[in-house]
Amino acid sequence: MSLSASLGVALSGLSTTAEQTGVVSRNVARASDPNATRKIANIVTASGGGIHLASVTRAANVSLLEKVLGATSSAAAQKAIVEGLNRLNETNDDPELDRSPAAMIQKLVDSIQQYASAPHDSIRAQSAVSAAQNLAASLNDATRTVQDVRAQADAGIGDSVDRLNTLLSRFETLNTEIVKATRIGADVTDYLDQRDALLTQMSEDIGIRTLTRSNNDMAIFTDSGVTLFDVKARSLTFERTLFYSPGTAGNAVYADGVPIVGGSSPMQLGSGRLTGLAAARDDLAVSYQNQLDEIARGLIEAFAESDQTGFALPDVPGLFTYPGAPAMPASGTLVVGLAGSITVAASVDPLQGGDLALLRDGGISGDPSYVYNTSGGTGYIDRLDQFVSALSQQRSFDPAVGLAPTATLAGYSSSSVAWLQEARKTSNDNAQYSQTLLERSTEALSKETGVNIDEEMTTLLELERSYQASTRLITSIDNMLRTLMSMAG
């Protein structure tokens, strides 16, 4: 090999080492960036024995990335469900604080029993009526909380849709640049990192699948198969519902014109924050509201007044009433929203001009046909004993609600609390599992594709030695050329 050829080889080594060092510097600079992948300098031997940097690629593992995206979607869905259930649990809190319907029913039973022990005592009568008012108020408050949970979930769905549309728009711009740069052989590794970061952000809100084609072009689909991006971003649409009441149906989310959350589409999402928010809005909160409504219906039924004249007049609401009075709600059949409208009859509330004694004597509805204490005796306790007996007897509940179709009112209320606590426990367990899976998947991907400072420093030392070898070769060639020049002179 001639000296000039050897010099060319040495110079190519210096130049290539400098480019490799630049790649290592990029890796070190982004070592703390969780979205950065390790960049790899690909060196090839040129004709004549020299070397040059052919391309820069990145460490990638498509399978692990898909697992991270899936785990991110699952974790986000479970988190949304846990948050919704925790809000619903505010209607119960600590039963000893008398905030749950079950605890309030027991307090009402206790106050009626105390009143029965001294039926002439107006203070005990007031205590019983107050307990009933507190129970009705707790059901009203619980209904407001449930509907607030639904409204917040709906707002969260709207925020997620807005965020996804923004991310898809950014993805379109970035994907276009990647395809163009790939076609001309430019380094697109940083762009690919940015695109993966966008995918991770999207996967928090929606379960996704991806397909990579020639020139690094990518298409995105929901985990149920609906197109989100294919050359162009597809629009997600959602009409927010600002106010929720029992019976209000939340609107669906559409992707490319196909309902993917809510509605009855066969292409419903399987994961992502949207899925969790929809479950809280349309399933969990609705189920719990139905349970509250059945408790309210059971109360109206337990305290209903019957005709005492023998004319077989229909039963009418008594201590507990609702806007549909004087008709009774159908037995064993859900009345949507009843827990939000149940009240204590004004006729027994002194603050509304009522008479406390009607609780003991009957006739709360205002019709004398429903008076139980016809003699007017102040020691009359039969009606109060009937209340206690009614609260402890088995009655029918709507089986569509999902709890036992037959139970005592107190037992049904306790079952509702147990249902909510079991749902919270299950969702918390699922959330912890999903979060653990996400952490493990992210860790595995980072080990496979992330930057390791120790490895980069080792590579840098190797490049330094290579650089030194090239400089020594150049020095030797320079000395040899000087010698030849001096001999020629």
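Start by selecting D196 and R58: the two form a salt bridge, with their closest N and O atoms 2.9 Å apart. The model is predicted, and every value on this tour is computed from it. The bridge links distant parts of the chain, since D196 belongs to helix α5 and R58 to strand β2 (residues 51-58), 138 residues apart. Both D196 and R58 are buried.

Next, show the whole of helix α5, residues 189-205.

Are the two partners buried or partly exposed? R30 has a relative accessible area of 23% and is therefore partly exposed, whereas D193, at 1%, counts as buried.

Side chains of opposite charge can pair when their charged atoms come close. Across the whole structure, a search finds 27 salt bridges.

For another salt bridge, go to E90 and R87. Their side chains meet at 3.3 Å, N to O. E90 has a relative accessible area of 39%, so this residue is partly exposed.

Turn next to the aromatic side chains. How many aromatic pairs does the structure hold? There are 5. Select F171 and F229: the ring centres are 4.9 Å apart and the planes meet at 75°, so the pair is edge-to-face. It links distant parts of the chain, with F171 in helix α4 (residues 122-183) and F229 in strand β5 (residues 227-230), 58 residues apart. F171 and F229 are both buried.

Then select Y288 and W419. This aromatic pair is stacked, with 6.3 Å from centre to centre and 5° between the planes. The pair joins distant parts of the chain: Y288 lies in helix α6 (residues 273-302) and W419 in helix α10 (residues 409-449), 131 residues apart. Y288 is buried, at 1% relative accessible area, but W419 counts as partly exposed, at 24%.

Two further stops involve rings. Select F303, F320 and F387, which ring pairs link into a cluster. Then select R383 and Y372: R383 lies over the face of Y372, at 4.1 Å from the ring centre.

Which residues make a nonpolar patch of about 200 Å²? Select V28, I453 and M457 to display it. M457 is part of helix α11 (residues 453-488). With a relative accessibility of 35%, M457 counts as partly exposed.

How values were computed
Residues are numbered from 1 along each chain as its sequence is written. This is a predicted model: local features need pLDDT of at least 70, side-chain atom pairs count only at pLDDT 80 or more; totals for chains, interfaces and linings use all residues. Side-chain values use heavy atoms; hydrogens and water are left out. Patches are made of residues with over 30% relative accessible area and no salt bridge: like charges are joined within 9 Å, nonpolar side chains (Val, Leu, Ile, Met, Phe, Trp, Tyr) within 5 Å. Accessible areas come from the Shrake-Rupley method with a 1.4 Å probe; for residues, only the protein chains shown count as cover. A salt bridge is a side-chain nitrogen of Lys or Arg within 4 Å of a carboxyl oxygen of Asp or Glu. Helices (H or I, at least four residues) and strands (E, at least two) are DSSP runs, numbered from the N terminus. Buried means under 20% relative accessible area, exposed over 50%, partly exposed in between (1.4 Å probe, protein chains only). Rings of Phe, Tyr and Trp (its six-membered ring) pair if their centres lie within 6.5 Å; planes under 30 degrees apart count as stacked, over 60 as edge-to-face and the rest as tilted. A charge sits over a ring if NZ of Lys or CZ of Arg is within 6 Å of the ring centre and within 35 degrees of the ring normal. The expected span of a helix is 1.5 Å times one less than its number of residues.
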